[in-house]
Amino acid sequence: MQLSYFELLSPDPIYIQKSGGIISPRLKDISSIGFNTYQYYLSILLMDLKAYFAMLDKAEQYEALSKEDKSQINIFDLLIMNEQSTALLENILNFFIKETVTYSSQNRNFLIYDNEEVVGIITKENYSRICDLIFQRNCIKSEHKEDLSKVKSKKALEIMKKLQKGRAVKAKQSKSDKNMELGNIISAVANKSHSLNILNIWDLTVFQVWDCFLRLSNNSIYDIQSMSVAAWGNKDNYFDANAWYKRIDNINQDL
């Protein structure tokens, strides 16, 4: 389910039927739990089967599993196998969902309460969808990998493997860029914007901050180009005066 640009920018929860309201946390909410905890929460939601086994130092056991065995194991079931990881996942879901999320040991799922009334449920069937919505609201592009075992065409398989390798390289490069860390982006936006500052920026959602950053970056380029054309002209005698408001709602793909 792809959220609209309006929904992503909204400070209000996005209500999904029987799944509660998915929020984009404000910077002050992230600050209240600590940035490292916020990152840890997202890393748990992003976790796939391979990462789960690696976290437990059981990578060899994962590699020893057959494709059929792997397809039958669900990450949701693994996360609720013991009390510690279940409690952790409950805390994570409560942070990103407006209502109260409580684990039901009897049903082995999470119930979503609003004023003591059950309004939703989280099971292994809808867990990945809820995670995807959380990623969208937090400006995170999921590193979901296609199941290559289902690809019958040899040529298509080669192409998809190259795509996956390219995405892995890009992800590794982007993670090493300290200029794109959230703390630095907050500082840059607060000191560049004409209305935001280091005091009031904490009321913005995390998605709004990234959106402001991209807008400021685009508008800076636009200003430079417009002044250059005004002073010197350009080779093609063309300048896109509408560039300052062109859509940038592919933000989740850019970051």
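Why are Trp-210 and Phe-213 separated by about one helical turn? Select both: they are three residues apart in helix α12, so about one turn of the helix separates them. Helices here are DSSP runs of H or I with at least four residues, strands are runs of E with at least two, and both are numbered from the N terminus.

Before going on, note that this is a predicted model, in which local features need pLDDT of at least 70, side-chain atom pairs count only at pLDDT 80 or more, and totals for chains, interfaces and linings use all residues. Residues are numbered from 1 along each chain as its sequence is written, and side-chain values use heavy atoms, with hydrogens and water left out.

**Stop 1: aromatic rings**

The structure holds 11 aromatic pairs. Rings of Phe, Tyr and Trp (its six-membered ring) count as a pair if their centres lie within 6.5 Å; planes under 30 degrees apart are called stacked, over 60 edge-to-face, and the rest tilted.

Select Phe-35 and Tyr-38, a tilted pair with 6.2 Å from centre to centre and 35° between the planes. Both belong to helix α3 (residues 35-46), three residues apart. Phe-35 is partly exposed at 33% relative accessibility, whereas Tyr-38 is buried at 4%. Buried means under 20% relative accessible area, exposed over 50%, and partly exposed in between (1.4 Å probe, protein chains only).

Return to Trp-210 and Phe-213. Their ring centres are 6.1 Å apart and the planes stand at 85°, so this pair is edge-to-face. Both residues are buried.

**Stop 2: salt bridges**

A salt bridge is counted when a side-chain nitrogen of Lys or Arg is within 4 Å of a carboxyl oxygen of Asp or Glu. How many salt bridges does this rule give? The count is two.

For one of them, select Lys-28 and Asp-203, whose closest N and O atoms are 3.0 Å apart. Lys-28 is in helix α2 (residues 27-33) and Asp-203 in the loop between α11 and α12, so the pair ties together parts that are 175 residues apart in sequence. Lys-28 is partly exposed, at 42%, and Asp-203 is partly exposed, at 42%.

Next select Asp-77 and Lys-124, which meet in a salt bridge of 3.7 Å, N to O. This pair links distant parts of the chain, 47 residues apart: Asp-77 is in helix α7 (residues 75-79), and Lys-124 is in the loop between β5 (117-122) and α9 (127-137). Asp-77 is partly exposed at 25%, and Lys-124 is partly exposed at 40%.

**Stop 3: the loop between α11 and α12**

Select Thr-205 in this loop. Is Thr-205 buried or exposed? Thr-205 is buried, with a relative accessible area of 0%. Leaving out residues up to four places away in sequence, Thr-205 touches Pro-11, Ser-24, Pro-25 and Arg-26; contact means heavy atoms within 4.5 Å.

Leu-199 also has its place in the loop between α11 (182-192) and α12 (206-232). Leu-199 is exposed, at 73%.

**Stop 4: cysteines**

Select Cys-139 and Cys-212. Cys-139 is buried at 5%, while Cys-212 is partly exposed at 24%. The count of disulfides (pairs of cysteine sulfur atoms within 2.5 Å) is zero.
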